[in-house]
Amino acid sequence: MFGFPFSKDYYSASLLNLMIREDLTRELEIIRGKDVAVVGAGPSLVDHREFEGEVMISADGATNYLLSLGIVPDVIVTDLDGITQFPDSLYVVHAHGDNYHLLHKVSELKRVVGTTQVPPFGRLKLFGGFTDGDRAVVLARAFGARRIRLYGMDLDSPMVGRYSKPWLSSDSPASHLKRLKLRVAKDIINEVIGKDL
Ligand SMILES: Nc1ncnc2c1ncn2[C@@H]1O[C@H](COP(=O)(O)OP(=O)(O)OP(=O)(O)O)[C@@H](O)[C@H]1O
Ligand SMILES: Nc1nc2c(c(=O)[nH]1)N=C(CO)CN2
Ligand SMILES: [Mg+2]
């Protein structure tokens with residue numbers, strides 16, 4: 001559907017694998033049995049100033065908004081193109097063929113689990129999912145969340161939220177590619193949560 005070249009995904013994964021010193025997957029056990037909030041970067045994100053849940057997982061750029069409210073997420077799922085501030089959270093960093101130039105940021109992070117979309121090797125994992133937001137949902141389910149609440153996940157919206165990318169100063173029309181990505185995200189979340197969003 002998207003035609004991302006395997007060789008670039010693999011190259012990026014190889015770089016990330018080299019940067020990961022220790023497998024910290026066990027730290028994701030903080031999710032088990034918990035009520036989890038997954039926070040995405042859709043336009044509705046800014047309607048929320050409070051988030052219910054015992055464990056908070058933010059998707060990439062949504063982290064910037066949470067930090068502006070003084071909230072530090074427990075887990076940050078990111079391909080590194082949205083987040084600009086790096087609090088002391090557990091990071092689930094995804095390597096793909098279009099973000100290898102951003103992977104140097106991993107060297108500034110203390111606790112990182114690396115993920116890939118090629119068959120996993122080395123210290124890299126493949127928990128499933130596609131965009132940062134639905135990968136966060138898949139992660140929460142894979143690690144046994146008792147309940148998953150979604151915030152800022154506007155998967156049918158023709159707009160991307162202003163926190164989706166650092167260069168946006170307001171909500172902006174989603175490109176055709178972005179709308180396709182959000183559609184895939186929606187299908188995955190419907191599958192994982194088991195009801196229509
Ligand atoms: N309308 C929306 N606009 C942007 N993000 C949304 C929206 N609705 C839900 N989200 C979720 O918020 C997450 C974080 O946004 P971000 O734009 O950083 O995603 P991404 O997965 O890195 O996508 P991209 O391929 O554009 O880099 C998305 O992965 C998506 O799952
Ligand atoms: N190569 C590549 N892989 C991806 C990409 C992307 O833009 N390029 N975007 C994704 C979801 O945002 C997930 N995977
Ligand atoms: Mg991103």
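How many nonpolar, polar and charged residues are in the lining of the largest pocket? In this predicted model, that lining has 15 nonpolar, 15 polar and 11 charged residues. Ala, Val, Leu, Ile, Met, Phe, Trp, Tyr, Cys and Pro count as nonpolar, Asp, Glu, Lys and Arg as charged, and the others, Gly among them, as polar.

| Pocket | Volume | Lining residues nearest the centre |
|---|---|---|
| Largest | about 780 Å³ | Asp81, Ser164, Lys165, Lys178 and Lys181 |

On a 1 Å grid over the protein atoms alone, a pocket is an open set of points where a 1.4 Å probe fits, with protein on both sides within 12 Å along at least five of seven lines; lining residues have an atom within 4 Å of a point. A volume is the space filled by probe spheres set on the points, which are joined across faces, edges and corners. Helix α4 (176–193) gives the largest share of the largest pocket's lining, 4 residues. For the second largest pocket, β4, β5 and α3 each supply at least two lining residues.

The open sheet has 6 strands in the order β5-β4-β3-β2-β1-β6, with parallel pairing (at least two DSSP bridges between two strands; strands are DSSP runs of E, at least two residues, and helices of H or I, at least four, numbered from the N terminus). Because β5 (112–116) and β6 (147–151) stand at the edges with a single partner strand each, one side of each lacks a neighbour in the sheet.

Residues are numbered from 1 along each chain as its sequence is written, and chains are lettered from A and ligands numbered from 1 in the order in which they are written.

Key
Predicted model: local features only at pLDDT ≥ 70, side-chain atom pairs only at ≥ 80, totals over all residues. Heavy atoms only, no water.
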